[in-house]
Amino acid sequence: MTNVLRPLLTEILEITTDQEAWFVPLEEALKGLTSKQANQKRENTHSIAEICQHLLFWNERYLRRFKGETPQVEVKDNAATFDSPEKLDWEELKAKLLSVQKEWIELVKSCEEEQFSRFHPQLDSPWWSEIACLTNHTSYHIGQIVQIRIEAGNWHR
């Protein structure tokens, strides 16, 4: 099975980052968004900046784990991941998130094949499954971002 994992995982990471397929990638969903628009709060929803902070938290956390590093910040609950202790401005946040996404792509392209079948000590599934779930999670939030932009009237495609 591992001989198909690298191209499959690479493709789904690229689709969620910067290559359009069945939905717009993250890079396109964030394109042209101002800081004011990204930080605008709507009733009963997170701002786009908060969603990006949440994605950055989880995608970077799993990237560190995949690289064999220990995540630096412990999470108390998922709600806390929508707020940044770093208080990055919008352009920094967007750049950092896209950088983590692109680092994932490069890492998956270059890692040893057997890494995909390994389990992390804190995870209950192999890395190929964790990466697939991570990209599904990113896709879900891309849909939220686009919907927020449509409702705010700043989605121009």
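Visitor: Which residues does T135 touch, not counting those up to four places away in sequence?

Guide: T135 touches I12, L13 and T16. Contact here means heavy atoms within 4.5 Å.

Visitor: What am I looking at, and what are the ground rules?

Guide: This is a predicted model, where local features need pLDDT of at least 70, side-chain atom pairs count only at pLDDT 80 or more, and totals for chains, interfaces and linings use all residues. Residues are numbered from 1 along each chain as its sequence is written, and side-chain values use heavy atoms, with hydrogens and water left out.

Visitor: Back to T135. Which helix is T135 in?

Guide: T135 lies in helix α6. Helices are DSSP runs of H or I with at least four residues, strands are runs of E with at least two, and both are numbered from the N terminus.

Visitor: Is T135 buried or exposed?

Guide: T135 counts as buried, because its relative accessibility is 4%. The scale is relative accessible area with a 1.4 Å probe, protein chains only: buried is under 20%, exposed is over 50%, and partly exposed is in between.

Visitor: And Q147, where is that?

Guide: Q147 is also placed in helix α6. Its relative accessibility is 40%, so Q147 counts as partly exposed. The C-alpha atoms of Q147 and A29 are separated by 9.9 Å, and the two residues are 118 residues apart along the chain.

Visitor: New topic. How do α4 and α5 pack?

Guide: Helix α4 covers residues 48-66 and helix α5 covers residues 90-110. They pack at an angle of about 35 degrees, with axes 9 Å apart. Axes are lines fitted to C-alpha atoms, for helices over the stretch in contact, and angles run from 0 to 180 degrees between N-to-C directions.

Visitor: Left-handed or right-handed crossing?

Guide: The crossing of α4 past α5 is left-handed. That term applies if the near helix is turned anticlockwise from the far one by less than a right angle; clockwise gives right-handed.

Visitor: Which residues make the contact?

Guide: From α4: I48, A49, C52, Q53, L55, L56, N59, E60, Y62, L63 and F66. From α5: W90, L93, K96, L97, V100, Q101, E103, W104 and L107.

Visitor: Which residues touch the most other members of the largest nonpolar core?

Guide: W90, W104 and I131, in a core of 40 residues. A nonpolar core is a set of buried Ala, Val, Leu, Ile, Met, Phe, Trp, Tyr and Cys residues joined through side-chain atoms within 4.5 Å.

Visitor: Which elements give two or more residues to this core?

Guide: They are α1 (2-17), α2 (26-30), α4, α5 and α6 (127-152). The largest share, 11 residues, comes from α4.

Visitor: What does W90 contact, leaving aside neighbours within four places in sequence?

Guide: L30, L33, T34, S35, A38, N39, I48, A49 and C52.

Visitor: Where is L98, then?

Guide: L98 lies in helix α5. L98 is buried, with a relative accessible area of 13%. Leaving aside neighbours within four places, L98 is in contact with T17, L26 and E27. The C-alpha atoms of L98 and L56 are separated by 8.7 Å.

Visitor: R61: buried or exposed?

Guide: R61 is buried, at 7% relative accessible area. R61 is found in helix α4 and touches L56, P71, V73, E74 and V75, not counting residues up to four places away.

Visitor: How many disulfides?

Guide: The structure holds zero disulfides. A disulfide is a pair of cysteine sulfur atoms within 2.5 Å.
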